[in-house]
Amino acid sequence: MSAADASPVRHGAQDPTADETVKFNPPGVVWNLVVKVAARCNIDCSYCYWFRDPSVYDAPKLMSERVADQLLVRVKEQITRYSPPEFYMVLHGGEPLLWGRTNFQSFADKCRRVADETGCPVRLGTTTNGVLIDERWLDCFQENDIGVTVSIDGPAHVHDVHRKTFAGGPTHALVERGIRLLESRDIPFGVLAVCNPAFAAKDYLEYFSSIGATEFDILLPDSNHDDRRQSIGQFYRDLFDFWLAANQKERTIRIRSVEAMLSGLIGGRSESEAFGYGSEELCTILTDGSIEPLDVLRIAGASSTRTACNVFDNALQDIVDDAGWKAARRASLDLCEKCRNCKYMMACGGGYLPHRFSKENGYNNPSVYCDDLYSIFEHMQAVVQKNIYISTPDGENLSVSDAMKISGSAAAAPAEPQSRLNR
Amino acid sequence: MDPLTLKVLATLVQVHGASATVVSTNKGIDELLGPVRGQLQDQTQLAASSKGDGSIFNCTLPHCKDIYTKQVKYYKYTGIAPATKSTGPTKPTPPTGGSKHK
């Protein structure tokens, strides 16, 4: 049987976008920025999406004070014009701590000024490899309420496969040292890993447990249809099983990817950009002040995220009219036929946009992980069906299948996505 | 069986009475059902069930208000809300076999 024959397509379903009255939501207001304060890194991870695009070397190594100040002019302008409930900036890289504590402190001071002047909270976070964290960085994080997320791929034997120094040495001990420092001050931090399916999910989970990390995510490796990829299905099925067992009687652990997929399956919403049907609207500010769409899209090739917008000539909201940004957003909503006809379309959303790319079709593909994602959703769905009940007014807990039998054809509502998109 | 979309759950709950609701014996799933229960409680919210938070993501086109299931709150590389420091590390049991999810 060919891969196409095995595909999760409901044959004969009506194409939901054939109805020309179906329109996509207009873009939202820009309120969430990834700010590349450093375009270089101090370690050499083999899978890094950032350095797959050689044009990143054309950008200044660090964001200048002039660019940072102009960015905040635009942030204040955006807040004043659109009154978002909060404004959020992730200081990112490369390795953002290369920007230095002085710059972090100065930027945070100026953000507080913008918040004071506008009445809108301006929140800062950073994602770091943790290598440079020291006592003075801890002071900076604490004094400025900067949320910290540390990238660490589980235990040393997994982490050090890809996350190496430029001399090819291991980095795990350096990162763990940074984590211990954060713990020494009781500074809450997030943990992000990248899945390496050559290892068991259990390896990651035991390590995160050992460092007391109960909220974390393990991201799908960035890949597109022009890359070689490894199957991640078994890894995430195991991850879900672990999550389920750990949370059986008490809520002890949160794994964002698992919860994003599961939420979509039970009628809720995903809070991850990697899962669920919705538009890709994140914006990235480069060290030279350029405004771009989601930075991971650069795995599609050199300069693939370039736009004509920058903080000197444009308001932040101008990005939504840029052809490149609009194309990325459109691609996130305009799914390929296989996805449109898949019963998991709403929960999956076609997968993460960068993972759909191929040189041949652009983004008009399912995720490179489509078969894996389908198997994960099938596994989750089978388990969820047995774990959800309809609690009736007389105190009875009916299984979903029993509830459906009782409710008869009334419960056999048309499956997504056709029922929603064709309304 | 198809996924338990909000529409399917709403139908099941409606059939079984006004105070029927959806629950799980698994605490993790039950917590994720919390927002879904909120939406099911007020049928008038169904039309806007998946459109976002109704403010800065507000949709002005009536026919597409309910098609999105994704509501990204944070960029993925800082997507983890900082954990509240616990008094000691939780040591959940790693998966060991095939029956743990029963």
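A: Start with a term. A helix axis is a line fitted to C-alpha atoms over the stretch in contact, and the angle runs from 0 to 180 degrees between N-to-C directions. One more thing: this is a predicted model.

Q: OK. At what angle do the axes of α7 and α12 of chain A cross?
A: Roughly 25 degrees. Helix α7 covers residues 233-246 of chain A, and helix α12 covers residues 370-387. Their axes come within 8 Å.

Q: What do we call that arrangement of α7(A) and α12(A)?
A: Angles under 35 degrees count as roughly parallel. So α7(A) and α12(A) are roughly parallel to each other.

Q: Is the crossing of α7(A) and α12(A) left-handed or right-handed?
A: α7(A) passes α12(A) in a right-handed crossing.

Q: Which residues make the contact?
A: From α7(A), they are Gly233(A), Tyr236(A), Arg237(A), Phe240(A) and Leu244(A). From α12(A), they are Asp372(A), Ser375(A), Ile376(A), His379(A), Met380(A) and Val383(A).

Q: How many of those are nonpolar, polar and charged?
A: The contact of α7(A) with α12(A) has six nonpolar, three polar and two charged residues.

Q: Which angle does α6(A) make with α7(A)?
A: Roughly 40 degrees. Helix α6 spans residues 201-210 of chain A, and the two axes come within 9 Å. α6(A) and α7(A) are therefore oblique to each other.

Q: Which residues meet there, in α6(A) and α7(A)?
A: Ala201(A), Lys202(A) and Leu205(A) in α6(A) meet Phe235(A), Asp238(A), Leu239(A) and Phe242(A) in α7(A). By class, that contact has five nonpolar, no polar and two charged residues.

Q: Sheets next. What is the order of the nine strands in the open sheet of chain A?
A: The order is β9-β8-β7-β5-β4-β3-β1-β10-β11, and the pairing is mixed.

Q: Which strands stand at the edges?
A: β9 (254-255) and β11 (291-293) of chain A. Each has a single partner strand, so one side of each is left without a neighbour in the sheet.

Q: Do β3 and β4 of chain A run parallel or antiparallel?
A: Parallel. Five bridges join β3 (residues 87-92) to β4 (residues 122-128). One bridge partner pair is Met89(A) with Leu124(A) in β4(A).

Q: What about the loops around β3 of chain A? Where does Ser83(A) lie?
A: Ser83(A) lies in the loop between α1 (65-82) and β3 of chain A. Its phi is near 50 degrees, a positive value in a residue other than glycine. Most residues other than glycine have a negative phi, and most peptide bonds are trans.

Q: Which residues does the cis peptide bond join?
A: Gly93(A) and Gly94(A), with omega about 20 degrees. Gly94(A) lies in the loop between β3 and α2 (101-118) of chain A.

Q: How is chain A divided?
A: Into domain 1 (29-333) and domain 2 (388-423). Their C-alpha centres lie 38 Å apart.

Q: Which strands make up the open sheet of three?
A: The order is β13(A)-β12(A)-β1(B), with antiparallel pairing. β13 (397-399) of chain A and β1 (21-24) of chain B stand at the edges. Each has a single partner strand, so one side of each lacks a neighbour in the sheet. Neighbouring strands of this sheet are turned by 40 degrees against each other on average, direction ignored.

Q: How many bridges join β12 of chain A to β1(B)?
A: Four, and the strands run antiparallel. β12 covers residues 388-391 of chain A. Tyr389(A) stands opposite Val23(B) in β1(B).

Q: Last topic: chain B. At what angle do helices α1 and α2 of chain B pack?
A: About 60 degrees, with their axes 10 Å apart. That makes α1(B) oblique to α2(B). Helix α1 covers residues 6-15 of chain B and helix α2 covers residues 27-41.

Q: Which residues meet between α1(B) and α2(B)?
A: Leu6(B), Leu9(B), Ala10(B) and Val13(B) in α1(B) meet Val36(B), Gln39(B) and Leu40(B) in α2(B). The contact has six nonpolar, one polar and no charged residues.

Key: Residues are numbered from 1 along each chain as its sequence is written. Chains are lettered from A and ligands numbered from 1 in the order in which they are written. This is a predicted model: local features need pLDDT of at least 70, side-chain atom pairs count only at pLDDT 80 or more; totals for chains, interfaces and linings use all residues. Domain bounds come from an automatic or database domain assignment. Two strands pair if DSSP finds at least two bridges between them. Helices (H or I, at least four residues) and strands (E, at least two) are DSSP runs, numbered from the N terminus. Angles under 35 degrees count as roughly parallel, over 145 as roughly antiparallel, 65 to 115 as roughly perpendicular and the rest as oblique. Two residues are in contact if their C-beta atoms, placed from the backbone, lie within 7 Å. Ala, Val, Leu, Ile, Met, Phe, Trp, Tyr, Cys and Pro count as nonpolar, Asp, Glu, Lys and Arg as charged, and the others, Gly among them, as polar. A crossing is left-handed if the near helix is turned anticlockwise from the far one by less than a right angle, and right-handed if clockwise.
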